[in-house]
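The sequence and coordinates are shown below.

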Amino acid sequence: DPSVLILDPAFAKYRLYSSTLEQVASGFRWAEGPAYFPQGGYLLFSDIPNNRIMKFDEKTGATSVFRANANFANGNACDRQGRLVTCEHSGTRRVTRTEKNGKITVLADSYNSKRLNAPNDVVVKSDDSVWFTDPLFGINGEWEGFRATSEQETTNVYRIDRSGKITAVISDLVNPNGLAFSPDEKKLYVVEWKGTPNRSIWAYDVAADGTV
């Protein structure tokens, strides 16, 4: 497929030359936060302005509403137990986990007794810690949710350990957005957005104790 460009030769081994790009669904105002669930064979993703989480079933090719009134969900992730972890971007301004029985558990909604800004993106490490970014986007206007005043002094990257303790691991970035670990989880990559065109990707060494 000529639409696929390999910018780094190291990725060439992952390309399937008999495959092509395929549009599987449309009709969304702003699709974000894809998370694949291999046990069920489906993909969940957020349609932020429409305030819903969508589900694409790879077996049937059908797309349906997984959750309406999703608190303007943005980033999603599948944890090691196959549960959905979601950044609720506005309104509730929290990070939640959907249990296997459908119950929603709140993982984080405040830091130092102050409300989070607008949780944006989330990843789950192999030690079951949950890492997420907390920029201002979801409270800056009405397009992504509800306008509100920030209670935090900085826009942070947070880590939630297995005990539930929340730590601000990075606090010197302006509006941290997407984040991802390297395959060996020794590096954390974070996108910083200071305003168009000021975007940067930062790489942090991750220690065994979870500090960066």
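## Aromatic contacts

Phenylalanine 28 counts as partly exposed, because its relative accessibility is 23%, and the cut-off for a buried residue is under 20%. Phenylalanine 45, at 9% relative accessibility, therefore counts as buried. The model is a predicted one, and all values quoted here are computed from it.

The structure holds 8 aromatic pairs. One of them joins phenylalanine 28 to phenylalanine 45 in an edge-to-face arrangement, with 5.1 Å from centre to centre and 85° between the planes. This pair links distant parts of the chain: phenylalanine 28 belongs to the segment before strand S1 (31-37), whereas phenylalanine 45 lies in strand S2 (residues 42-47), and the two are 17 residues apart.

## An aromatic cluster and a charge over a ring

One aromatic cluster is formed by Tyr111, Phe132 and Tyr158. A contact of another kind involves tyrosine 42: lysine 55 lies over the face of this ring, at 4.4 Å from the ring centre.

## The open sheet

An open sheet is built from 4 strands in the order S5-S6-S7-S8, with antiparallel pairing. Strand S5 (73-78) and strand S8 (104-108) are the edge strands, each of which pairs on one side only. On average, neighbouring strands of this sheet are turned by 25° against each other, direction ignored.

In a regular strand, side chains alternate between the two faces of the sheet. As for the burial of strand S5, 5 of its 6 residues are buried, so S5 is largely enclosed by the rest of the structure.

## Strand pairing in detail

Strands S5 and S6 run antiparallel and are joined by 4 bridges. Within this pairing, alanine 73 has glutamate 88 in S6 as its bridge partner. The hairpin of S5 and S6 has 5 residues between the strands, and glycine 82 in this hairpin takes a positive phi near 80°.

Strand S6 (residues 84-88) also pairs with strand S7 (residues 94-98), in the antiparallel sense and over 5 bridges. Here, threonine 86 has threonine 96 in S7 as its bridge partner.

Methods
Residues numbered from 1 in each chain as written. Predicted model: local features only at pLDDT ≥ 70, side-chain atom pairs only at ≥ 80, totals over all residues. Heavy atoms only, no water. Pairing = 2+ DSSP bridges. Axes fitted to C-alpha atoms, helices over the stretch in contact; angles between N-to-C directions. Phe/Tyr/Trp six-rings, centres within 6.5 Å; stacked < 30°, edge-to-face > 60°. Buried < 20%, exposed > 50% of the residue type's maximum accessible area, 1.4 Å probe, protein only. Lys NZ or Arg CZ within 6 Å of the ring centre and 35° of its normal.
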